[in-house]
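Visitor: I have a structure to look at and some questions about it. Can we go through it together?
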Amino acid sequence: MSVHLPPLPPTPGDGYQPAGRSIAATIAEEHQQLLDLTRRLVEPGPDPAHGREILIAALSRHLSAEEQYLLPAVRQALTDADGPVGEVLAGDAALLMALRGLTDDRLAVVARLVEAHVVAVDALVTRLCAAATEEELIRLGNRLEIAEEAAPTRPHPSLPHTPPWNRIVEPAVALVDKVRDALTGRHTQLGEVTEPPQR
């Protein structure tokens with residue numbers, strides 16, 4: 001096995017495939033959704049309703065989950081990954097800083113940082129797919145989705161960005177974020193982006 005994960009329970013017969021989507025499919029879909037939303041927010045015209053707050057929440061969750069599972073898996077599977085992973089982590093930190101207090105005049109900067117993140121991470125995912133088995137990629141995809149559910153919905157650039165500390169600290173911070181979101185009625189899911197009302 002090229003990526004260390006806890007063993008699966010025994011299964012009858014050969015050819016067992018765990019349920020779920022591969023980490024590559026999940027990340028590709030999320031990257032496209034994030035790029036689409038940033039473009040909609042930057043382009044002239046009325047912004048989609050709740051677009052900025054949803055972008056902040058979705059990116060915060062996405063970066064957290066990648067840092068918890070994707071990047072450690074890449075480091076383990078690829079012998080020369082420390083440099084590229086370090087660059088992704090530095091870009092993630094800059095992106096989280098840019099998301100804090102996001103205003104219209106900083107949206108173009110965030111859009112450029114998101115595009116750079118997508119290019120860098122997609123290159124690592126391609127290399128991971130060549131090194132890992134389909135079963136490993138699905139199991140990583142399942143972990144990524146679970147991590148996103150328990151991830152912060154606000155940017156916290158000062159939190160640890162590498163395991164084991166991010167896996168311990170971020171769910172606790174996320175609980176506070178989610179209480180604040182519920183109390184303020186803040187929109188945090190990509191599916192909540194709507195067209196602006198007609199004037």
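Guide: What follows is a short tour of this predicted model, from the overall fold to single residues.

Visitor: What does the secondary structure come to?
Guide: The protein has six helices and zero strands. From the N terminus on, the order is α-α-α-α-α-α.

Visitor: How many residues does the protein have, and what share of them is buried?
Guide: There are 199 residues, and 44% of them are buried. The accessible surface is about 10,200 Å², with 58% of that belonging to carbon and sulfur atoms.

Visitor: What share of the contacts joins residues at least 24 apart?
Guide: Take the contacts between residues at least 6 apart in sequence: 79% of these join residues at least 24 apart.

Visitor: Let's take a helix. Which residues of α3 are buried?
Guide: The buried ones in α3 are Val 85, Val 88, Leu 89, Asp 92, Leu 95, Leu 96, Ala 98 and Leu 99.

Visitor: Why would buried positions be spaced like that in a helix?
Guide: An α-helix has 3.6 residues a turn, so residues three or four places apart point the same way. In α3, Val 85, Val 88 and Asp 92 are among the buried residues.

Visitor: And what covers the buried residues of α3?
Guide: The cover includes α2 and α4.

Visitor: What span should α3 have?
Guide: With 18 residues at 1.5 Å a residue, α3 should span 26 Å, and its end C-alpha atoms are 26 Å apart, so the two agree. Just after α3, Gly 101 takes a positive phi of about 60°.

Visitor: Where is Met 97?
Guide: Met 97 is in helix α3, which covers residues 82-99.

Visitor: What is Met 97 in contact with?
Guide: Leaving aside neighbours within four places in sequence, Met 97 is in contact with Arg 106 and Pro 157. The C-alpha atoms of Met 97 and Pro 155 are separated by 7.2 Å, with the two residues 58 apart along the chain.

Visitor: How far apart are the end C-alpha atoms of α5?
Guide: They are 23 Å apart; the 16 residues of α5 should span 22 Å at 1.5 Å a residue, which agrees.

Visitor: Is Thr 26 buried or exposed?
Guide: Thr 26 counts as buried, because its relative accessibility is 2%. Thr 26 lies in helix α1. Beyond its neighbours within four places in sequence, Thr 26 is in contact with Arg 21, Leu 144 and Glu 145.

Visitor: What about His 117, buried or exposed?
Guide: At 6% relative accessibility, His 117 counts as buried. His 117 lies in helix α4.

Visitor: And which residues does His 117 touch?
Guide: Not counting residues up to four places away in sequence, His 117 touches His 31, His 62, Leu 63, Glu 66 and Asp 92. Asp 92 is among the buried residues of α3.

Visitor: What lines the largest cavity?
Guide: The lining includes Ser 60, Leu 63, Leu 96, Pro 155 and Glu 170. Helix α2, residues 51-77, gives the largest share, four residues. By class, the lining has five nonpolar, four polar and three charged residues.

Visitor: And the largest pocket, how much space lies in it?
Guide: About 270 Å³. The largest pocket is lined by 14 residues, and the closest to its centre are Arg 61, Glu 148, Glu 149, Thr 188 and Gln 189. The elements that give two or more residues to this lining are α1, α2, α5 and α6.

Visitor: What is the lining of the largest pocket by class?
Guide: Three nonpolar, four polar and seven charged residues.

Visitor: Last one. Which peptide bond is cis?
Guide: The bond from Pro 163 to Pro 164 is cis, with omega near 5°. Pro 164 lies in the loop between α5 and α6.

Technical notes:
Residues are numbered from 1 along each chain as its sequence is written. This is a predicted model: local features need pLDDT of at least 70, side-chain atom pairs count only at pLDDT 80 or more; totals for chains, interfaces and linings use all residues. Side-chain values use heavy atoms; hydrogens and water are left out. On a 1 Å grid over the protein atoms alone, a cavity is a set of points where a 1.4 Å probe fits but cannot get out, and a pocket is an open set with protein on both sides within 12 Å along at least five of seven lines; lining residues have an atom within 4 Å of a point. Ala, Val, Leu, Ile, Met, Phe, Trp, Tyr, Cys and Pro count as nonpolar, Asp, Glu, Lys and Arg as charged, and the others, Gly among them, as polar. Grid points are joined across faces, edges and corners, and a volume is the space filled by probe spheres set on the points. The expected span of a helix is 1.5 Å times one less than its number of residues. Contact means heavy atoms within 4.5 Å. Buried means under 20% relative accessible area, exposed over 50%, partly exposed in between (1.4 Å probe, protein chains only). Accessible areas come from the Shrake-Rupley method with a 1.4 Å probe; for residues, only the protein chains shown count as cover.
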